[in-house]
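Visitor: Before we begin, could you take me through this model by setting each value against the rule that stands behind it?
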Amino acid sequence: MTSWNFNPRQKVTIEQIATVAAGEGGPALEAQVRAAASSDQRVSEILKDFSNAITAMRGDAMTEPPADVVARAKALGVRLESRRAESTSPIAILGQAFDRAGAVVLDWLRPDGELALAGVRDDRGADVLEAVIDSAEIVIRAERTPAQNGIVRLVGEVARTDDMPVRATVALLDASGMVIATDETDSIGMFAIALTSDAREVAVSARAATGELHPTIVLPLGPASKPTSKDEGAAG
Amino acid sequence: MSGFDSDPTLLERCRRGDSAAWSLLVERYRRLVWSVILKHRMRQEEAEDVFQHVFATLVQHIDSITDDAGLASWLVTTTKRRCWRVGAQRRKDGERARSLDSDPEKTMDPVDEREDAADSRALGEKQLVRIGLEQLGGKCKDLLEALFGAGAEPNYNLIAEKLDIRVGSIGPTRARCLEKLSKILGRLGFGDADEVGSESPDLEAGK
C-alpha cells in the first residue's frame, strides 16, 4: 500500500485516488477522496489527471481497427523498402561509373536458342534476342529498332518466365563502363532506350515483387570494336 | 520507460526505406485514423478502403510532409477528406440509381462533415494518451491497457495471470503506473491538447 499522504488530516493515498478515478472502491472511499480533493489542490489535480487519462483509454477501446486491415497497412512498408532499393540501385545515376560488384554477365540467345556471340549489334540484329536469368526466373528480350528519324533504339521487355512484367532499370554503358542512358520498364515491362554509337553494354537491374533487387545483369551490345556504319550518327 | 522514437525520427527512418519504422507508425496511428473513419459512419468495406488509402497516401507523399511534428493533423485531415469523398461518391451513386435530382449540394451532407472543436480536441487527447502509453511501455502499459483499454469490465484474475503478477499487486501497481503516465502526459501537453486535423495541407489534392 502506498503511504503517500497529501494532507495529514485527510490521509488519502495515491492508490485510493487511482481507485476512485477508476470508478471502484465504493461510495465511502469516493466521498473521502472527493473531500480530500476539495481541500487539497494537489489531490484534486491528480484525481483529474487520472480520471482524464482513464476516460481517454476507455473511450479508445472501440477504436481498434481489424487486425488484417492494420496488417495490410503495415505491408505498405515494402514500398518504402523498394524506394531504398531504387536509391541504391547500382545503375540509376547517369554519368557515373557502373558498379560491377555482384553483377552477372550473360550472353544473348537467338530465337533458336543459339548463342548470339556479337550481341544485339550484329548483322542479324533484326532478331529479338533473349537472355534468361534462371536464378531469378527473369527473361530479358530486346531488339535493335531503327526509327524514321535515324535514331536506333534498343526496345525490349523484362518479364518473369510466366510472362508477368517486371519492374527494372535498364542502362546503357559505354566502353569505360559509364552510364550513358537509362530507362525504367513500364507497367507491361517494356523499355525503349536510344542506342548511341558509344554504347557497349546494357545493364538490367530487375526487382522482385517484394521490391528486392535481383543481381544486376550485364549483356553485350556487340563487339567492343567500333559500331557498324549504320549506327554512326545515331542520336542519343 | 521503453525506447521511444518520435514522429520525426520514424518518418526519417521511413524515408530511408525502413519498413520496421513504418510498422511502428501504423501501430501508433491506427486507432486515430480508425476513430476518424468511425465518426463518418462508413460501411465496413469502405472504412477498410479508407484506412488503406490514408496510409498508402502517406507512403506516396512521405517526402512532402514538411512538418513532421504535425503528422497526426495530416492523418486526420487526409482521413476526413477521403471519408467525405467516399461518402459523396456513394450518395451520388445512390441518387443516380434512384434517378433523382443529383444536385451536388444535396450530396454533400454538410452535417456529416462538421467536426466540432470538442470532437477534435478529444481526438487529440486520445492520441496523446496512446503516445503516452507507448512512451510508458513495459508492464505498466500492458496493465493500463488491460484495465482500461479492453472495452469491458476488467477481470483481475485473468489480468494477473496474463501479466504474471499477483492480483493483490494490481491496485498499487495501477496507481504507480497512472502516476507515471500522468507525468508523461503532462510533458506531452495533455489537457492543453490542440485540435487535430484543423489545419493541414491536402496532399491528395496536389497529386
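Guide: Let us start with a definition: on a 1 Å grid over the protein atoms alone, a cavity is a set of points where a 1.4 Å probe fits but cannot get out, whereas a pocket is an open set with protein on both sides within 12 Å along at least five of seven lines, and lining residues have an atom within 4 Å of a point. This is a predicted model, in which local features need pLDDT of at least 70 and side-chain atom pairs count only at pLDDT 80 or more, while totals for chains, interfaces and linings use all residues. Residues are numbered from 1 along each chain as its sequence is written, chains are lettered from A in the order in which they are written, and side-chain values use heavy atoms, with hydrogens and water left out.

Visitor: Which residues lie nearest the centre of the largest pocket?

Guide: The largest pocket is lined by 29 residues, and B:Arg30, B:Arg31, B:Leu133, B:Lys141 and B:Glu145 lie nearest its centre. By class, with Asp, Glu, Lys and Arg counted as charged, Ala, Val, Leu, Ile, Met, Phe, Trp, Tyr, Cys and Pro as nonpolar and the others, Gly among them, as polar, this lining has 14 charged, 13 nonpolar and two polar residues. The element that gives the most to it is α7(B), with six residues.

Visitor: What makes the pair B:Glu27 and A:Lys74 a salt bridge?

Guide: The term asks for a side-chain nitrogen of Lys or Arg within 4 Å of a carboxyl oxygen of Asp or Glu; the closest N and O atoms of B:Glu27 and A:Lys74 are 2.5 Å apart, and therefore the pair meets the rule. Between chain B and chain A the count is seven salt bridges.

Visitor: How many residues does each chain bring to the contact?

Guide: With contact meaning heavy atoms within 4.5 Å, chain B brings 43 residues and chain A brings 35. The buried area, which is the accessible area (1.4 Å probe) that two parts lose on being put together, summed over both, is about 3,600 Å² between the two chains, and carbon and sulfur atoms give 62% of that area. B:Arg31, B:Gln52 and B:Phe148 supply 16% of the area that chain B buries against chain A, more than any other three residues.

Visitor: Which residues line the largest cavity?

Guide: Its lining consists of A:Ile133, A:Ala136, A:Ile138, A:Ile140, A:Val204, A:Ala206, A:His214, A:Pro215 and A:Ile217, which divide into eight nonpolar, one polar and no charged.

How values were computed
Helix = DSSP H or I, 4+ residues; strand = E, 2+ residues; numbered from the N terminus.
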